[in-house]
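Biologist: Could we go through this model together, beginning with the spaces inside it?

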Amino acid sequence: TTIKLRPGKKFRQLSETEFLIPPDSADDLRRVIERCLAHGGNLTSVIHCWSLDHVAARQIKNESLQEAQQTGVLSALQLAQVLRSQETPESPAVFFVSRGAQMAIDNDPTSGLASSPLIGFLRVANNDLPQFRWTLIELDHKPDKTEIDAILNEITISSSEREVALRKGLRFVNRLRPVTEEELTLRSRNA
């Protein structure tokens, strides 16, 4: 069964499987998870898409940035705390979906700058709470018709990658490789 949580002003159950919860309420998040587990449910995956609603970088104001942190990195922190406190037979895999939060290819715009703190948070969460397999699925700044299938593929494949960027139908992951001195560009500032 899929349980859908959407950010709202106060806790409200819309249906058997859909809830509104305040992004800053760990208690309401805990209540929904406990309700799911109490009815014989098993929490196998969490897919967090709230950062897809964040305002674009060129439109960020103080208030919208604070709101983005509530539905982004701060809700991720609350999710981590709630999951850590739950006793489940199997730890769920946790996926965060963002758009344009980091560069993956040359000239890649970062219009989702408000979601960028998630990247650092998930790297730390993978070290501190590795049983949950925290994964970032980073989408291109422009939505495309193949991304839903690509997201489902990332969620259902058994991959050890923790950061995946999907760009123009291609999948990018972080890799370190040796470079020669000639490949390094000279820094013109902050050198």
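Modeller: A definition comes first: on a 1 Å grid over the protein atoms alone, a cavity is a set of points where a 1.4 Å probe fits but cannot get out, and a pocket is an open set with protein on both sides within 12 Å along at least five of seven lines; lining residues have an atom within 4 Å of a point. Grid points are joined across faces, edges and corners, and a volume is the space filled by probe spheres set on the points. As to sources, this is a predicted model, in which local features need pLDDT of at least 70 and side-chain atom pairs count only at pLDDT 80 or more, while totals for chains, interfaces and linings use all residues. Residues are numbered from 1 along each chain as its sequence is written, and side-chain values use heavy atoms, with hydrogens and water left out.

Biologist: What volume does the largest cavity have?

Modeller: The volume of the largest cavity is about 40 Å³. The count is one cavity of 30 Å³ or more.

Biologist: Which residues line the largest cavity?

Modeller: Its lining consists of F95, R133, T135, E154, I157, S159, E161, V164 and R171. By class, three residues of this lining are nonpolar, two polar and four charged. Here Ala, Val, Leu, Ile, Met, Phe, Trp, Tyr, Cys and Pro count as nonpolar, Asp, Glu, Lys and Arg as charged, and the others, Gly among them, as polar.

Biologist: And how much space lies in the largest pocket?

Modeller: The largest pocket holds about 1000 Å³ of space. Its lining comprises 34 residues, and T2, I3, K4, L5 and I47 lie nearest its centre.

Biologist: Which elements give two or more residues to that lining?

Modeller: Those elements are β1 (4-7), β3 (18-21), α1 (26-38), β4 (45-48) and α3 (73-85). Helices (H or I, at least four residues) and strands (E, at least two) are DSSP runs, numbered from the N terminus. The largest share, five residues, is contributed by α1. The lining of the largest pocket has 17 nonpolar, twelve polar and five charged residues.

Biologist: Changing topic, how many aromatic pairs does the structure hold?

Modeller: There are four aromatic pairs. The rings of F11 and F19 form a tilted pair, because their centres are 5.9 Å apart and their planes stand at 35°. For the cut-offs, rings of Phe, Tyr and Trp (its six-membered ring) pair if their centres lie within 6.5 Å; planes under 30 degrees apart count as stacked, over 60 as edge-to-face and the rest as tilted.

Biologist: Are F11 and F19 buried or exposed?

Modeller: Both F11 and F19 are buried, where buried means under 20% relative accessible area, exposed over 50% and partly exposed in between (1.4 Å probe, protein chains only).

Biologist: What about F96 and W134?

Modeller: F96 and W134 form a stacked pair, with 6.4 Å centre to centre and 25° between the planes. F96 lies in strand β5 (residues 93-99) and W134 in strand β6 (residues 134-139), so this pair ties together parts that are 38 residues apart in sequence. F96 and W134 are both buried. Ring pairs also link F96, F121, F132 and W134 into a cluster.

Biologist: Now to strand β7: why is it described as largely enclosed?

Modeller: Strand β7 (residues 163-167) is largely enclosed by the rest of the structure because five of its five residues are buried. On one side these are E163, A165 and R167, and on the other V164 and L166. A165 has 6% relative accessibility.

Biologist: Which strands does β7 pair with, and in what sense?

Modeller: β7 pairs with β6 in the parallel sense over four bridges, and with strand β8 (residues 170-173) in the antiparallel sense over four bridges. Two strands pair if DSSP finds at least two bridges between them. V164 is the bridge partner of I137, and V173 in β8 is the bridge partner of V164.

Biologist: What lies between β7 and β8?

Modeller: β7 and β8 form a hairpin with two residues between them, and K168 in the turn has a positive phi of about 50°. K168 is exposed, with a relative accessible area of 61%.
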